Amino acid sequence: MSRIFPVAAVLFAGSTLIAFTSPGDAAERAILVPAAAMIEPVVGHLETATFAGGCFWGVEGVFSHVKGVISATSGYAGGEAATADYESVSKGTTGHAESVRVVFDPTEVNYADLLRIYFSVVTDPTLLNRQGPDRGTQYRSALFPASPAQEKVARAYIAQLSTAHIYTRPIVTRVESNRRFFAAEAHHQDFMARNPTYPYIVLNDRPKVAALKRLFPARWKA
């Protein structure tokens with residue numbers, strides 16, 4: 001799979017990243033945002049939610065390390081079944097976003113907790129149709145609520161963060177309701193876990209997982 005690599009200076013010792021610089025680093029650094037004031041009522045022990053925030057490799061990589069998350073699956077949301085494949089989505093004309101469907105136990109981690117992680121670590125919600133080095137509507141920051149309750153919590157949280165002026169720029173994360181999710185091709189699944197030293201992963205995604213562990217130690221799952 002091809003990805004756009006940022007202009008960077010990289011120094012490795014074996015497979016360990018020592019230092020790098022990238023034009024987008026300062027703007028996209030992880031920030032711990034406040035907890036959501038509105039929390040979705042817990043019903044049962046199994047819930048699903050879908051998140052889009054740039055390349056799905058990193059989104060999946062972060063959520064797979066959250067306690068209470070049962071599974072994280074890379075895929076496409078926002079478009080139709082006929083164009084739910086990587087080649088089509090990469091054109092940026094299908095309406096899809098690279099997304100991750102998260103199945104979780106709300107008695108361990110609720111939807112509001114996942115939203116906090118999403119806005120703190122996964123995505124820069126002020127970037128329109130881009131994340132990191134990737135550009136296009138398929139890399140937009142978007143939430144695909146699986147229920148009216150999730151939608152209510154998501155919209156309330158975006159309003160809360162906006163009112164608090166957590167970011168220096170407006171939040172452009174979209175809430176897109178009633179959208180189907182389509183799983184991506186097999187070689188995209190668990191890509192970060194299977195390719196930890198892949199350059200794109202090292203530069204763009206491993207720092208997000210490290211930020212999750214640093215900012216949310218109680219939520220960390222090895």
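Colleague: Is R174 buried or partly exposed?

Modeller: Partly exposed, since R174 has a relative accessibility of 43%. Bear in mind that this is a predicted model.

Colleague: Which side chain does R174 meet in a salt bridge?

Modeller: That's E176, with an N to O distance of 3.4 Å. Shared partners join R140, R174 and E176 into one salt-bridge network.

Colleague: And E176, buried or exposed?

Modeller: Buried, with a relative accessible area of 7%. The cut-off for buried is under 20%, so E176 falls on that side.

Colleague: How many salt bridges are there?

Modeller: The count comes to 5. One of them is between D124 and R169, at 3.5 Å from N to O.

Colleague: Where do D124 and R169 sit in the chain?

Modeller: In distant parts of it, 45 residues apart. D124 is in the loop between α3 (111-122) and β6 (130-131), while R169 is in the loop between α4 (148-163) and β9 (174-175). D124 is buried at 8% relative accessible area, whereas R169 is partly exposed at 35%.

Colleague: OK, what about R155 and E151, how many residues apart are they?

Modeller: They're 4 residues apart in helix α4, so about one helical turn separates them.

Colleague: Switching to rings. How many aromatic pairs does the search find?

Modeller: It finds 10 across the whole structure. Among them are W57 and Y198, an edge-to-face pair with centres 5.8 Å apart and 85 degrees between the planes.

Colleague: Which parts does the W57 and Y198 pair tie together?

Modeller: W57 lies in helix α1 (residues 56-63) and Y198 in the loop between α5 (191-194) and α6 (199-215), so the pair ties together parts 141 residues apart in sequence. W57 is buried at 1% relative accessibility, but Y198 is partly exposed at 25%.

Colleague: And F119 with Y157, what kind of pair is that?

Modeller: Edge-to-face, at 5.7 Å centre to centre and 80 degrees between the planes. F119 is in helix α3 and Y157 in helix α4, so this pair ties together parts 38 residues apart in sequence. F119 is buried at 1% relative accessible area, and Y157 is buried at 1% as well.

Colleague: Which residues form one aromatic cluster?

Modeller: F119 and Y157 are in it, along with F51, F63, Y111 and Y118.

Conventions:
Residues numbered from 1 in each chain as written. Predicted model: local features only at pLDDT ≥ 70, side-chain atom pairs only at ≥ 80, totals over all residues. Heavy atoms only, no water. Salt bridge = Lys/Arg side-chain N within 4 Å of Asp/Glu carboxyl O. Helix = DSSP H or I, 4+ residues; strand = E, 2+ residues; numbered from the N terminus. Buried < 20%, exposed > 50% of the residue type's maximum accessible area, 1.4 Å probe, protein only. Phe/Tyr/Trp six-rings, centres within 6.5 Å; stacked < 30°, edge-to-face > 60°.
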